[in-house]
Amino acid sequence: MAGKHIVVANWKMHPKTLAEAKHLFLGVKRAVSRVRSAEAVVCPPAAFLSELRKLYAGKRISFGGQDVHAEKSGSYTGSLSAPMLKSVGAKYVIIGHSERRAAGETNNDVQKKVRAALDERLAVILCVGEQERDHEGEYLTFIKEELEVALLGVAADELRRVVIAYEPIWAIGRSAAAAMKPHDLHQIALFIRKVLSECFNREAALKATVLYGGSVEPENCGVLIKNGDVNGFLLGHASLDPTSFGDILACVYEKR
Ligand code: PGA
């Protein structure tokens with residue numbers, strides 16, 4: 001497996017208060033410290049970012065935003081720019097999450113956001129994934145287009161700062177039993193590297209970091225990491241429970 005291992009915690013719109021976010025973060029911090037060489041990217045609601053950043057002085061946890069605007073500043077009420085995220089300590093930003101796409105974000109919007117983040121030297125966690133699977137394999141065309149458009153204008157050496165997170169929409173927010181099967185994930189991981197190899201080159205594609213997201217829990221993380229050919233996970237609900245989060249880190253970093 002080429003590419004580095006990584007586990008991303010997407011807290012989405014949780015928890016409700018800064019006090020709860022601090023409490024959760026301390027649990028996450030403990031979980032990371034217990035697993036040798038584990039690295040995690042925590043993406044809390046942006047409102048909590050700078051306060052959580054103050055609680056951590058180490059190197060193994062990085063922080064990320066959950067979305068970004070393509071412009072650096074301007075009259076865009078409610079939006080956050082890449083320089084803003086960077087200035088409060090973010091190193092990463094999730095772009096193209098299916099919940100943002102469901103709110104109207106297009107592949108072209110994603111492309112602009114990717115460019116804006118890379119220009120600000122933020123690393124990108126680029127989410128792609130189909131709504132449903134069909135027998136004709138249309139979902140592959142869909143994923144390919146998501147990748148091709150999002151990465152248009154990205155140079156091969158910039159791919160080091162782009163993590164691809166494959167998140168089939170049908171598998172998000174359910175339980176381990178409903179998630180992707182390792183064999184199917186392996187096929188998609190290969191497919192994503194093939195598309196990257198066509199867009200860039202074979203070497204860059206082999207080195208790329210590819211994650212899986214969608215109902216990853218302690219119950220299924222072992223088989224997915226062992227047989228799915230991915231570098232780690234983008235976690236939603238499991239990242240809100242430090243015990244589950246720690247178990248998943250152990251799967252990725254200790255049991256391979
Ligand atoms: P889930 O969410 O792990 O709760 O399925 C993943 C995501 O939406 O990023």
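Visitor: Which helices each supply at least two residues of the lining of the largest pocket?
Guide: This is a predicted model, in which local features need pLDDT of at least 70 and side-chain atom pairs count only at pLDDT 80 or more, while totals for chains, interfaces and linings use all residues. Residues are numbered from 1 along each chain as its sequence is written, and side-chain values use heavy atoms, leaving out hydrogens and water. A pocket is an open set of points on a 1 Å grid over the protein atoms alone, where a 1.4 Å probe fits with protein on both sides within 12 Å along at least five of seven lines, and its lining residues have an atom within 4 Å of a point. With helices (H or I, at least four residues) and strands (E, at least two) taken as DSSP runs numbered from the N terminus, the helices in question are H4 (98-101) and H5 (107-119).

Visitor: What is the volume of the largest pocket, and which residues lie nearest its centre?
Guide: The volume, meaning the space filled by probe spheres set on grid points that are joined across faces, edges and corners, is about 630 Å³ for the largest pocket. H5 gives the largest share of the lining, three residues. The lining counts 24 residues in total, and those nearest the centre are Gln-66, Asp-67, Val-68, Arg-100 and Lys-113.

Visitor: Which helix gives the most to the lining of the second largest pocket?
Guide: The second largest pocket has a volume of about 290 Å³ and is lined by 17 residues, with Leu-159, Arg-160, Arg-161, Lys-207 and Ala-208 nearest its centre. At least two lining residues come from each of strand E6 (162-166) and helix H8 (202-207). With three residues, the element that gives the most is H8.

Visitor: Which members of the largest nonpolar core touch the most other members?
Guide: A nonpolar core is a set of buried Ala, Val, Leu, Ile, Met, Phe, Trp, Tyr and Cys residues joined through side-chain atoms within 4.5 Å. Phe-233, leaving aside neighbours within four places in sequence, is in contact (heavy atoms within 4.5 Å) with residues including Tyr-212, Cys-221, Leu-224 and Ile-225. Of the 74 residues in the largest nonpolar core, those touching the most other members are Leu-126, Tyr-212, Phe-233 and Phe-245.

Visitor: Against which elements do the buried residues of helix H2 pack?
Guide: In H2 (residues 46-53) the buried residues are Phe-48, Leu-49 and Leu-52. They fall within an arc of 125° seen down the axis, so they line one face of H2. That set packs against helix H1 (18-34), strand E3 (61-65), helix H3 (82-87) and strand E4 (90-95).

Visitor: Where is the cis peptide bond?
Guide: Most residues other than glycine have a negative phi, and most peptide bonds are trans. In the loop between strand E1 (6-10) and H1, which holds Pro-15 and also Lys-12, Lys-12 has a positive phi of about 50°. The cis bond, with omega about -15°, joins His-14 and Pro-15.

Visitor: Is Arg-121 buried or exposed?
Guide: Arg-121 sits in the loop between H5 and strand E5 (123-128) and has a positive phi of about 65°. Because its relative accessibility is 58%, Arg-121 counts as exposed.

Terms used. Buried < 20%, exposed > 50% of the residue type's maximum accessible area, 1.4 Å probe, protein only. Arc of directions from axis to C-beta.
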